[in-house]
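Here's a quick briefing on this model, put together for someone who likes to know the cut-offs. Have a look at the structure first, then go through the points below.

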Amino acid sequence: MQAPAGARIRVQIDIPELGASGEIEAPSSQYTQPRSIIPRLSLNQTRLLAVTQPLTAEVIFRVSINGGDFEEQRRPVRVHAINDVPLRACRKESQKCSDYSPFMAAFVNEDHPAIDRILRAALDIPAIPVKRWIGTQGSPDEVLQQVWAIWYLLQRNKFTYSSITTVSDSRQDLFSQTVRPLSQSLRTQQANCIDGTVLFASILRKIGIEPIIVLVPGHAFLGFYTDAQATRPAFLETTMLNDANNPFASRGPTNTGVALAKVVGSDIHMQRSWQGFMQAIAEGGEKYNRAAGSFGKQPGYMLVPVMKARQAGIMPLPL
C-alpha cells in the first residue's frame with residue numbers, strides 16, 4: 001500500500017525451516033488501491049517430506065520500492081505434517097470456502113512397489129477363483145471377484161481395521177485429515193477407516209479398477225466403478241473386514257487347510273469370506289445412499305474420484 005503509481009515493487013519471501021523461498025517484481029497499482037503481489041515459492045521436497053509432525057515456522061517478508069532498501073516483517077505460520085490432508089478451508093473475512101478434498105488422492109499410490117507383491121500373493125492363494133487381474137475389462141461380477149480377492153488376502157494376513165478416524169483439524173475455517181502412509185499401514189498390518197480406504201484404492205487402481213474415496217463426518221469408506229465407463233459405482237465398508245464373517249478372525253491359515261485346498265480345489269473359508277464381503281458391499285451402498293444428498297453441500301461430506309484427481313494433476317506422494 002501507499003506506493004506511487006507505476007513504482008516497481010520487489011517482494012521476497014523466505015521460510016528458512018522449510019527451505020522455501022520466492023521473489024517477484026511488479027508495478028504498483030493506483031496510489032489509493034492496495035496491491036496483492038504473490039511470488040511463486042520454490043519448495044524443498046526433501047524437507048517437506050521430513051515434516052511428520054506439525055510445527056511453527058517463521059516467514060520473512062521483504063519489500064522494496066524502486067530499488068530502495070528492503071523493509072522486513074516476520075510472521076509465524078503453522079505448518080502441517082506431510083500426511084495431513086487439507087479438505088476444506090474458509091477465509092474468515094469473506095467466509096468463502098474452498099474444497100481441497102481431491103488432494104486426498106495424493107495418498108493413493110498405485111505405483112508403490114509393495115502392491116505388486118500383494119497382487120502376486122492373492123493369485124497364489126490355493127483354490128482362489130481369480131486367476132488374473134483384468135480390471136474393468138470383464139463383467140461387473142468379475143470386478144467384484146477381484147476386489148474380494150484382495151479382501152480375502154487381507155483377512156488371511158490378519159490385517160486389522162478400526163472404524164475410528166480422528167480429524168486432525170476441525171476448526172470452522174479449516175478441516176483436515178491425517179492419513180497413514182501406505183507403507184506404514186502395510187508394515188504395521190493395521191489401519192483405520194481412511195487408511196484402509198486409501199490402501200484398498202491404491203491396490204484397485206493398480207489393477208485397472210477406478211476407486212472413489214467417500215468421506216462422511218467421522219468416517220471414510222471405499223467406492224469403485226464396476227465398468228470401464230465409470231458409470232456403475234459400488235461401495236464397500238472396509239471396516240467390516242474384521243467382523244464375524246472373517247474366517248481368520250481368531251486363527252490364520254493352517255498348513256493342513258492350505259494343503260487340503262490345493263488337493264480339492266476349494267476352501268470353505270472362501271464361502272464365509274465372500275458372504276461377509278457381500279454384506280460389506282450392501283452396507284457401503286446403504287451408507288452412500290443415506291449421505292448422497294449431502295455430498296458437496298454439507299461440510300464433511302466429500303466424494304473423491306481418484307481418476308478425476310489424476311486428470312487434474314494430483315499425483316501420488318512417495319510415502
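Cys90 counts as buried because its relative accessibility is 12%, where buried means under 20% relative accessible area, exposed over 50% and partly exposed in between (1.4 Å probe, protein chains only). Cys97 comes out partly exposed, with a relative accessible area of 39%. This is a predicted model, so local features need pLDDT of at least 70 and side-chain atom pairs count only at pLDDT 80 or more, while totals for chains, interfaces and linings use all residues. Residues are numbered from 1 along each chain as its sequence is written, and side-chain values use heavy atoms, with hydrogens and water left out.

**Cysteines**
- A disulfide (a pair of cysteine sulfur atoms within 2.5 Å) joins Cys90 to Cys97, with S to S at 2.0 Å.
- The count by that rule is one disulfide.
- The torsion about the S-S bond of Cys90 and Cys97 is about 100°, so this disulfide is right-handed.
- Cys193 is another buried cysteine, at 0% relative accessibility.

**Chain overview**
- The protein chain has 319 residues, and 44% of them count as buried.
- Its secondary structure comes to eight helices and 14 strands; helices (H or I, at least four residues) and strands (E, at least two) are DSSP runs, numbered from the N terminus.
- Along the principal axes, the C-alpha trace spans about 85 × 40 × 35 Å.
- Taking contacts (heavy atoms within 4.5 Å) with a separation of 6 or more, 65% are between residues 24 or more positions apart.

**Largest pocket**
- The largest pocket has a volume of about 1800 Å³.
- On a 1 Å grid over the protein atoms alone, a pocket is an open set of points where a 1.4 Å probe fits, with protein on both sides within 12 Å along at least five of seven lines; the volume is the space filled by probe spheres set on the points, which are joined across faces, edges and corners.
- Its lining takes in 42 residues, with Leu43, Leu48, Val79, His80 and Pro86 nearest the centre; a lining residue has an atom within 4 Å of a point.
- Elements giving two or more residues to that lining include helix H1 (45–49), strand E3 (55–65) and strand E5 (84–90), and E5 gives the most, with five residues.
- By class, the lining has 29 nonpolar, five polar and eight charged residues (Ala, Val, Leu, Ile, Met, Phe, Trp, Tyr, Cys and Pro count as nonpolar, Asp, Glu, Lys and Arg as charged, and the others, Gly among them, as polar).

**Nonpolar cores**
- A nonpolar core is a set of buried Ala, Val, Leu, Ile, Met, Phe, Trp, Tyr and Cys residues joined through side-chain atoms within 4.5 Å.
- The largest has 61 residues, and Met104, Val147, Trp151 and Ile213 are among those with the most contacts inside it.
- Helix H3 (residues 140–156) gives the most to this core, with 10 residues.
- Apart from it lies another core of 13 residues, including Ile15, Ala20, Val51 and Val79.

**Helices H2 and H7**
- The buried residues of helix H2 (residues 114–123) are Ala114, Ile115, Ile118, Leu119, Ala122 and Leu123, and their cover includes H3, helix H4 (182–188) and helix H5 (193–206).
- Ala291 is found in helix H7 (residues 268–291) and counts as buried at 5% relative accessibility.
- Not counting residues up to four places away in sequence, Ala291 touches Val216 and Tyr301.
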